[in-house]
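Let's take a friendly walk through this structure together. Please have the sequence and the 3D view open side by side.

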Amino acid sequence: MTRLFTGAAAAVTTPFSKDSVDYDSFKNHLTYLKKNNIQAFIVNGTTGESATLTRKEKTTLLSIAIDVADGDIPVIAGTGSNNTQESILHSKEAEKLGVDGLLVITPYYNKTSQKGLIAHFSAIAEAVSIPVILYDVPARTGMTIAPETLEVLVKQHDNIVGLKDATGDLAHLNRLQYVVDEGFSFYSGNDDLALPFYSLGGHGLISVIANALPKEYQEMYEAAQKRPKQAAQINHKLFPLVDALNVDVNPIPIKALISHLGFGEYSLRLPLVPLEKDAQTVLTELFDHTRKDG
């Protein structure tokens with residue numbers, strides 16, 4: 001099984017100008033990420049405010065990402081929702097556009113059982129031929145993918161190739177690893193746990209902070225493979241900024257940094273609202289200090 005990517009991928013933010021998507025800034029940001037060694041674009045995910053994007057906006061964003069990637073790095077589309085038929089529709093559209101893979105979250109709000117999870121993910125995986133990465137983030141969905149559920153899904157569907165684990169539970173990762181073979185990919189969804197995740201055999205990170213520090217996060221991954229002391233030093237340098245992003249709900253803080261870098265206005269769609277000016281200043285000053293020390 002060939003992995004879609006290893007190392008640091010960016011869960012890419014979506015810039016807005018007033019209430020419209022700023023496609024030029026989006027393209028410029030992607031170009032910056034690619035030049036700075038990001039390993040994959042994750043588009044239309046939580047960090048991209050997918051819940052408030054229209055179908056047309058999502059399609060345009062994916063088209064731009066495919067154009068910038070130009071076959072050099074994979075484009076992975078967030079197509080999951082709590083509506084299975086809608087997820088299938090978006091997944092088929094993304095496949096037709098030419099994305100390299102899909103990221104599909106567990107259903108939220110209405111939730112489901114583990115039996116329902118198998119049916120939900122199976123229906124989506126069977127509707128497409130491209131790789132599917134499952135996304136487990138119980139803080140946002142109120143449920144977790146059980147090891148037994150993952151085992152069934154992977155055995156039944158060859159195109160379910162990975163899992164983004166944002167449970168924050170490293171023991172849970174061990175349990176999941178036990179039920180799949182070595183070719184299955186595990187990606188951390190928690191920036192603050194990237195290094196210990198790698199030490200347990202994780203294959204990469206689908207990152208929020210890599211939107212602003214792509215090169216540094218890929219360097220940490222590469223160091224973790226052979227130079228653990230250096231990886232720990234990089235992690236030590238970056239951790240205060242990662243920790244500071246907890247000041248508010250993602251993607252509110254990271255979008256302040258992306259705007260600070262020059263990729264569009266600091267704007268979000270309701271119900272998300274920007275940080276207060278003082279909080280923005282604290283965050284951007286810490287970011288500048290982190291980059292300077294690097």
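What follows goes from the cavities to one helix, then to a loop residue and the strands.

This is a predicted model, in which local features need pLDDT of at least 70 and side-chain atom pairs count only at pLDDT 80 or more, while totals for chains, interfaces and linings use all residues. Residues are numbered from 1 along each chain as its sequence is written, and side-chain values use heavy atoms, with hydrogens and water left out.

Let's begin with empty space. Rolling a probe the size of a water molecule over the atoms shows where such space is left. Here a cavity is a set of points, on a 1 Å grid over the protein atoms alone, where a 1.4 Å probe fits but cannot get out, and its lining residues have an atom within 4 Å of a point. Helices (H or I, at least four residues) and strands (E, at least two) are DSSP runs, numbered from the N terminus. The biggest contribution to the lining is that of α3, with four residues. Among the lining residues are K58, H90 and E93.

Next, find helix α4 (residues 114–127). Several α4 residues are buried (under 20% relative accessible area), including L117, S122 and A125. Their cover includes α3, β6 (101–105), β7 (132–136), α6 (147–156) and β8 (160–165).

Now look at the loop between α6 and β8, where H157 lies. Is H157 buried or exposed? H157 is buried, because its relative accessible area is 7%. Leaving aside neighbours within four places in sequence, H157 is in contact (heavy atoms within 4.5 Å) with S122, A125 and E126.

Finally, follow the chain into β8, where six of six residues are buried. Strands pair if DSSP finds at least two bridges between them. Five bridges join β8 to β7 in parallel, with L134 opposite L163 of β8. β8 also pairs with β9 (residues 185–188), again in the parallel sense, over four bridges; there, K164 has Y187 of β9 as its bridge partner.

Methods. 1 Å grid on protein atoms, 1.4 Å probe; cavity = no way out; pocket = protein on both sides within 12 Å on 5 of 7 lines; lining within 4 Å. Buried < 20%, exposed > 50% of the residue type's maximum accessible area, 1.4 Å probe, protein only.
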